[in-house]
Amino acid sequence: MESAISHILIVEDEPVTRMKLAGYFEQAGYRVSEAENGVEMRKILTRSEADLLLLDINLPGEDGLILTREVRSQSDEVGIILVTGRTDEIDRIIGLEMGADDYVTKPFNQRELLARVKNLLRRTQAVREARRSDARFRFADWTFDIPRRRLMSPDDERVELTRAEYELLAALVRHPGQVMSRDRLLDNVTHRSWEPNDRTIDVLVRRLRQKIEPDPKKPEFISTAHGEGYVFTAEVS
Ligand code: CA
């Protein structure tokens with residue numbers, strides 16, 4: 001369901017690796033741009049929006065972590081995959097905390113890399129499309145303005161949500177009364193934790209309940225469908 005050809009930007013200082021990566025993605029039908037460093041990356045991004053960045057962690061000068069933080073602060077819609085070496089574990093975790101969506105480790109398995117890229121593009125695009133088409137929802141005395149990412153409490157106070165909490169709540173509110181499986185909910189959360197597993201959604205639901213439920217122990221809005229997932233049980237208008 002990718003409507004246009006996605007644009008992938010590769011930021012990598014090693015020419016051989018960069019060309020190899022570019023070759024994979026061109027062959028798979030993507031539009032590919034190449035940058036050697038952060039300066040070139042910015043030049044390309046001012047000319048043309050990227051759908052996904054493949055960012056090498058070990059770049060001379062500004063490294064991939066600094067660039068991740070910078071790119072993420074400007075857009076939460078672009079997908080970011082960090083390219084890491086075997087020994088970069090700490091950096092990898094920091095990178096994910098700074099807003100990268102995923103990482104791949106050198107040497108690459110071409111098939112796996114393509115699958116991850118495709119998967120991330122699908123998720124970011126789904127979120128983007130949903131965001132554009134949605135407006136404001138009300139449930140109980142709450143107001144949730146999806147495009148503006150604003151959740152207002154019955155006392156008219158703004159409740160801060162993390163990106164993952166926001167995306168999860170948006171997915172639930174858009175499908176009131178429907179049981180949403182954990183897999184389906186996970187598809188709507190672009191910023192996965194570095195160990196996406198069955199518990200990711202449960203943890204996010206718990207946090208959301210603490211923020212919105214009058215009594216988080218007896219949830220009225222987000223109910224558990226045992227063995228299946230979660231369902232948004234408040235009336236939405
Ligand atoms: Ca490098």
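Glu-62 is partly exposed, at 29% relative accessibility (buried means under 20% relative accessible area, exposed over 50%, partly exposed in between, with a 1.4 Å probe and protein chains only). The model is predicted, and local features need pLDDT of at least 70, side-chain atom pairs count only at pLDDT 80 or more, and totals for chains, interfaces and linings use all residues. Residues are numbered from 1 along each chain as its sequence is written, and side-chain values use heavy atoms, with hydrogens and water left out.

Glu-62 forms a salt bridge with Arg-42, with 2.6 Å between the closest N and O atoms (a salt bridge is a side-chain nitrogen of Lys or Arg within 4 Å of a carboxyl oxygen of Asp or Glu). Arg-42 is in helix α2 and Glu-62 in the loop between β3 and α3, 20 residues apart (helices, H or I of at least four residues, and strands, E of at least two, are DSSP runs numbered from the N terminus). Arg-42 is partly exposed, at 28%.

The calcium ion has as protein donors Asp-13 (OD), Glu-14 (OE), Asp-56 (OD) and Asn-58 (O), at 2.1 to 2.9 Å (donors are N, O and S atoms within 2.8 Å of the metal, or 3.2 Å for Na, K and Ca; water is not among the atoms, so sites may look incomplete). Because Glu-14 lies in the loop between β1 and α1 and Asp-56 in strand β3, the pair ties together parts 42 residues apart in sequence. Asp-56 is buried, at 1%, while Glu-14 is partly exposed, at 34%.

Glu-14 also meets Lys-106 in a salt bridge (3.2 Å, N to O).
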